[in-house]
Amino acid sequence: LGGKISAAIRRMSNNTVPDETVLKQMLSEIARALLEADVNVRAVQQLRGNVLSAVDISSLGAGVNKVKLIQKAVFDELCRMLDAGHKAVPLKRGHGSNVVMFVGLQGNGKTTTCAKYAYHYSRKGWKTCLVCADTFRAGAFDQLKQNATKAKIPFYGSYTETDPVAIATAGVERFRAEGYDLIVVDTSGRHKQEVALFEEMEQMTSAVKPTDIVFVMDSSIGQAAHDQAAAFRSRVDVGSVIITKLDGHAKGGGALSAVAATRSPITFIGTGEHIDEFEPFVAERFVGRLLGMGDVSGLMTTMKDAGLANNADMVKRLTGGVFTLRDMNEQFEGIARMGPLDKVMGMIPGLSSMLPEGAVGNGSEGAKRIQAFGYIMDAMTDEELDNPKVVWCTSRIRRVARGSGRHVAEVEALLVEYRRFAKMVQSVGSMSKKGGMGGLGG
Ligand code: GDP
Ligand code: MG
């Protein structure tokens, strides 16, 4: 989807002065891409109309950058399409336990997402735990146990108790008493929306008194997500929605916009089976990435979560478009703590192109290369780290190579990558300052 939309915009930008015909042609291409992603027809028509009325091309003077205006209008409209109009109620730490109950049909990704969600908060330093109140599906407790153990998160459940409400009540009571910040309750789904499921959810709600009810929804059903989200909302007090399986489903855009249209805020998205293939959903950030703009604000959040960007200085420099070898080194050092490389890479403009395809993940070629770059930067002086230009001389490159035990060619490769990287940060920084495509601020 993103590829097609950004290609359409790029083609339009090649016309130095786009006119009405060019604009309409671009909008048709975007509309087609959105329809292919199963976005609702009316929503697509509305986007088209809104962009056209936002940029009245014939009335614009010659001095106006029409391409920028059009890009901005498309960006704004895509964001609006994904906006529920209000935010989910945020969880608060330090006011007793937050109890978050997960609901949704079987197979949508509830159990997986419960663990991801708990893990997300535990990485932020919250004391989190999991309760398995699914007695419907065979092996449900084992599945949750396995996920929880991998993520080192305490859990509660039972092999013998058959009443899910009793399990939830006991688990929540126990963890509340132990002062947990966040208690995540996984419930049983059913194959379809049936009376028994809704009754169970209602009983569960009055038993555990959740702070938030999260509805988990599989993105592969596309715009049909609208009716399912609406049905759940009509029976339980759904406060937020998490959309799963956005990896590898062509209909993801349809599901996201359909859920937003029910005015349910989307808080997170699932992008894979692994525990950290999960991220907060921020429409601007998502659209920015869709349009191929590199995700500086997402990177900032990830760095903050990893305890890296307590370095306010660095954040300021990065968003201002300044990037030194020291910044690069700090990022590389933190990458190990941030989780799978490819996810981090995707967020840094241009960084993914640094590595051969598929060469990411722990122990891979890409990871080794990053590690080698780290050694090289460790062998540099403060002056060199802060002012990378000075390293570009044979004697310094040789010295750094010797000091780090790497080849001269590797040092040079690092410097080349650095230069490319810095240029990218610079262009993103100036874009966000000008408010060009927007959405890049924290
Ligand atoms: P539940 O029945 O709602 O609890 O769903 P599960 O958590 O058991 O998930 C059902 C299947 O979907 C499992 O095979 C998960 O690994 C898979 N799954 C969950 N979330 C994602 C996701 O974001 N991406 C992908 N590719 N698979 C997912
Ligand atoms: Mg489950």
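This is a predicted model: local features need pLDDT of at least 70, side-chain atom pairs count only at pLDDT 80 or more; totals for chains, interfaces and linings use all residues.
Which residue stands opposite Leu182 in β4? That residue is Thr128.

Residues are numbered from 1 along each chain as its sequence is written, and chains are lettered from A and ligands numbered from 1 in the order in which they are written.

## Overall make-up

The chain holds 19 helices and eight strands. Helices (H or I, at least four residues) and strands (E, at least two) are DSSP runs, numbered from the N terminus. Of the 442 residues in the chain, 43% are buried. A residue is buried if 20 or more other C-beta atoms lie within 10 Å of its own, exposed if 12 or fewer, and partly exposed in between, with C-beta atoms placed from the backbone. Contacts between residues at least 6 apart in sequence join residues at least 24 apart in 72% of cases. Two residues are in contact if their C-beta atoms, placed from the backbone, lie within 7 Å.

## The sheet

Eight strands form an open sheet with mixed pairing, in the order β3-β2-β4-β1-β5-β6-β7-β8. The edge strands, each pairing on one side only, are β3 (155-156) and β8 (278-280). Two strands pair if DSSP finds at least two bridges between them. Strands of a sheet pair through backbone hydrogen bonds, either parallel or antiparallel.

Strand β4 is mostly covered, with six of its six residues buried. Leu182, Val184 and Asp186 point one way from β4, Ile183, Val185 and Thr187 point the other way, and all are buried. Val184 in β4 has Val100 opposite it. Further along the sheet, Ile242 has Phe268 in β7 as its bridge partner.

| Strand pair | Sense | Bridges |
|---|---|---|
| β1 and β4 | parallel | five bridges |
| β2 and β4 | parallel | six bridges |
| β6 (residues 240-244) and β7 (residues 266-270) | parallel | three bridges |

Helix α6 (residues 140-150) lies across β2 (128-133), β3 and β4 (182-187), and runs at about 170 degrees to β2. Helix α7 (residues 164-177) lies across β1 (98-103), β2, β3 and β4, at about 165 degrees to β2. Axes are lines fitted to C-alpha atoms, for helices over the stretch in contact, and angles run from 0 to 180 degrees between N-to-C directions.

## Around ligand 1

There are 16 residues around ligand 1, and Gly109, Lys110, Thr111, Thr112 and Gly270 come nearest. A residue is near a molecule if its C-beta atom, placed from the backbone, lies within 6 Å of it. Helix α5 (residues 110-123) gives the largest share of this shell, three residues. By class, the shell has no nonpolar, twelve polar and four charged residues. Here Ala, Val, Leu, Ile, Met, Phe, Trp, Tyr, Cys and Pro count as nonpolar, Asp, Glu, Lys and Arg as charged, and the others, Gly among them, as polar.

## Domains

The chain is divided into domain 1 (2-81), domain 2 (98-284) and domain 3 (293-434), with bounds that come from an automatic or database domain assignment. Between domain 1 and domain 2, the C-alpha centres lie 37 Å apart. Their contact takes nine residues from domain 1 and 13 residues from domain 2. On the side of domain 1 that touches domain 2, α2 and α4 (66-81) are the elements that give two or more residues. That side of domain 1 has six nonpolar, one polar and two charged residues.

Leu78 is found in helix α4. Leu78 counts as buried because it has 27 C-beta neighbours inside 10 Å. From C-alpha to C-alpha, Leu78 and Val238 are 24 Å apart in space, and they are 160 residues apart in sequence.

## Positive phi values

Most residues other than glycine have a negative phi, and most peptide bonds are trans. Asp38, which is not a glycine, has a positive phi of about 70 degrees. Asp38 lies in the loop between α2 (20-36) and α3 (41-54). With 23 other C-beta atoms within 10 Å, Asp38 is buried.

Lys152 also has a positive phi, near 55 degrees, and lies in the loop between α6 and β3. Lys152 has 8 other C-beta atoms within 10 Å and is therefore exposed.
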